[in-house]
Structures are given as C-alpha cells and as structure tokens.
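Please consult the sequence and the model while reading.

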Amino acid sequence: MRPIPVDELVGTLGRWSAGRGSLYLLLASRLRELIDDGRLPGGTLLPPDRVLAAGLAVGRTTVVAAYDLLRQEGRLTRRRGSGTWVPHGGPSSARTETANPMLVNLMEPPDDVLQFACAGPMRPPAALVEAHHRALSRLPEEDLGYHPLGHPALRSSLATHLTLAGTPTAPAEVLVTNGAQQALALITRALVAPGDEVLVEAPTYPGALDVFREAAAVITHAPPGGLADALPHRRPALVYAVPSFHNPTGVSLSPLERRRLARVAGDVPLVFDDVLADLDFTGAPAQPAQPSTIAIGSLSKIVWGGLRVGWIRAKPTVIARLGRFKAVHDLGSAVVEQLVAVELLRDFEPVRLARVAHLRAGHDHLCALLREQLPEWEFEPAAGGQTLWVRLPGTNAAAFAQVALRQGVAVLPGASLDASGGSTDRLRLPFVADRDVISRAVAGLAEAWRRFAAEPPAAPVLPTIAV
C-alpha cells in the first residue's frame, strides 16, 4: 500500500469545507470524489484519524464519521491495527497531480470563498483592451502563424525592453513562452533528468517546486539569500532563485550578491525568476540580469494573469534548444497575444506605474488592518512584490488555514512553499485585491483566529445507513 502524507492529502482536498452541511459529510463528499476519479487510487493508505483531524483542524470524530460513511459505501476499508485504505477494484490509475494549495485553489470551481491563496492582478487594465484593438488591426496579411521561438516582433520588443532595463539583449537571446510557468517547465525539461539535484531557496515559489517534483528531481535547499554559501557543498543540475522581492519572503538580493551567486554557480545553470522584478515600491530601477544566468520574465504580474506571455533570456544556444522543446508541445504561442504584448511594451511605463501604485495602496491597507485586528501576527512591510510573509506565533498555519477556509477565506500556508519542511507557522498573504476585498478577508481571518483559539468543534453525530 502507498501511504499518502497528510499534507499532500490536505492539499488535494482543496476547498472541501466551503460548502453547506456537516463537516463530516463535506469531507466524505470530497474524499468520495477523489476516490471515484482515481486521484486516490486503490491501495492508497490514508492518514490515521487523529493525524488527518489535526491537519484539517477538526475534531477526530469528524474524520472517523467521514471514513465510516465511505467504509459503509465500500469506498474505504478500515481494519484495527492496519489503518484505512482505498480498496483495489475501483478506479486505480494513479496520476501524479499537484497538491499545492495555490494551484488547487485555481482549479476549484467558482464559489463564495475569498481568494487569498493566489497573487496577481484581479482584473485586466484598460490598456490591455486598447492593445488588443491595435494588435488586431495590425495582423499580417500573410503569416503561417507558427513561431516556436516567438513572433519576431515580440522577440525584438523584448530585447529592446531588457536592454533599456540594463541587460543588453539581442532577439536571438529571447524565447517567448506561455507565461513564466511554461518557461520554468521548459528549462527543467531540458536541463534536469530524473534523480538530478535542484537547489532552491526554502521557502520559494510553490509552482517551481511542482515543476521540479514532476521532473522527479531531488530538491535540496538553502535559506533565502543563502544559495551562494550552499553551492560549494552541492552538485546540482540547476539552481533556482527569486532575486527580486523573493516569493514569499520579500527579500531582494543586492547587485553584489547577484554577481557573487553567478560567480559561485560557475557552469551550473542558474535560473533567476524575475517575474516580480518590476514591482518595486521604492522607485528604484530593476536590477539587470547577469549575462551568464537564465532569466525568466512575464507580463502576468504587471498586466494580467490571463495574458499568457512570458519569456526566457539566455544564450542563443540555450534559446535554440529550449525552442525545440517548446515546438514539440505547442508549435509556438498565440500570435494575437504576442502582438498585444508588442503594443503594451511600446508604452509600458504607465502600465507598470499604475500597477505598482495599486499594489502599494493594497499593501499599506493590509498592513494597517493586520496591526489593528490581528496584533499577535508578525510581519515585515514589503518593499515591493505582491505578498506579505506573516508569522503566526506558536501556531500550525496549515491547521489555521482550514479554519479560515470555513470562514470563507482561502489562504496559503507556509509549509506548502518550503521544501525543507519548515515555515509551518507562516502564511503568505497577498495585497493584490481592492481595499474592500482585503478588508473582508482580514475580517474573516480575524474571526477564524478567534475560533482557532477556542475549543475544538463539537463531535458530529456518526452516520448510519439502512441496509
């Protein structure tokens, strides 16, 4: 039998308690769904009652009731001394899927839960609509439409954009991707084989951890800012860093630290995730990329997540190789979106400044509300980016996140971002939404905090099924 770790199961359950009805029925319903569609295949050993109850911040009898209901339905087998598992005979095709709460929340159907687990612009700006109109009027009369390396106009625009930002770049050094997530997936596919070591910061962007795990890499870690110190003692196939407004801690590397990391990395591929680099509240210009690094960028955090335009900046030989991998998967990104990106880059600074102003206002509002309504929580104000890294003293943040979910607020617990198993007392809170949404979210978190400190929930009535 394959035991499923409790944190993986909790992540896979997603927003299980956001519906109406008794908690044990909601839990049984989601487990039933996971069993029936094969995500919990035959032979999966579920966590013990007490362990899952602690992970979900519910009473043990809630889990016992849910398990017993599914046992009576034949979907689970329970035996004293052996545990609870999914029997063989039903759907049994094990599939590797994400249990990352951030991505699971994105895949949930729309509901009334406030989305505080993901970060990005909540609506497309007017500039995006205007850019679409201009792009559509400039569609070429003759063009096959397949550009695996990216449309030439966008590669040229991005090269100019990066050069003006301090990193001299030629179009041959740019690959256009469907967002930064695809960029990271292509790099990993090209450079990381199963069993290879990938060195990351702990904590780090959870979407990167999913990519590396899917590649069957061995993930090793160093604290934020500590990769240069760890590298001489490791032999990684790839190093992944978020040097500007680190996701989630907000720490940025100085120019000296960036150069030192690039020097220590030597011939080890060093990936700089610069998606947040333009979101600086201080007005300082973005730090130029190191020529030897592989830099990832995107328009999703400045413009809108629905504009799936990202890029990789690297040596031409690396770009050519990555372009061949991309061609196998999609033959190239959508041309219309690429031409829209060209239009946005023509007058990019007003779009960026408007986004930064919105984020700064949201940041200040969130900080004020947390100080007022949750004074026990600890955090440092951010100098840029999109999120606060908040400490809940002496608290299991994953268990608290389950209580917050039942108050209608989805938050991202720190352990899901930390390959070291740490950050268990942390939450990542975004300040991307409008002020009224942030106010409602903090009010829900404050109520959840009061409930979390109160007595455990009352035991449910155990179900019975007539035979």
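In this predicted model, helix 1 passes helix 3 in a right-handed crossing, meaning that the near helix is turned clockwise from the far one by less than a right angle. Helices (H or I, at least four residues) and strands (E, at least two) are DSSP runs, numbered from the N terminus.

Two packed helices are described by the angle between their axes and the distance between the axes. Helix 1 (residues 6–13) and helix 3 (residues 49–56) pack at about 55°, and their axes are 10 Å apart. Axes are lines fitted to C-alpha atoms over the stretch in contact, and angles run from 0 to 180 degrees between N-to-C directions. Helix 1 is therefore oblique to helix 3; angles under 35 degrees count as roughly parallel, over 145 as roughly antiparallel, 65 to 115 as roughly perpendicular and the rest as oblique.

The residues that meet, with contact meaning heavy atoms within 4.5 Å, are listed below.

| Helix | Residues in the contact |
|---|---|
| Helix 1 | Val6, Leu9, Val10, Leu13 |
| Helix 3 | Val51, Leu52, Gly55, Leu56 |

Of these residues, seven are nonpolar, one is polar and none is charged. Ala, Val, Leu, Ile, Met, Phe, Trp, Tyr, Cys and Pro count as nonpolar, Asp, Glu, Lys and Arg as charged, and the others, Gly among them, as polar.

The chain contains 16 helices and 15 strands. Its C-alpha trace spans about 70 × 50 × 50 Å along the principal axes. Buried residues (under 20% relative accessible area, 1.4 Å probe, protein chains only) account for 52% of the 467 residues.

Residues are numbered from 1 along each chain as its sequence is written. Local features need pLDDT of at least 70, side-chain atom pairs count only at pLDDT 80 or more, totals for chains, interfaces and linings use all residues, and side-chain values use heavy atoms, with hydrogens and water left out.

Note on methods
Buried means under 20% relative accessible area, exposed over 50%, partly exposed in between (1.4 Å probe, protein chains only).
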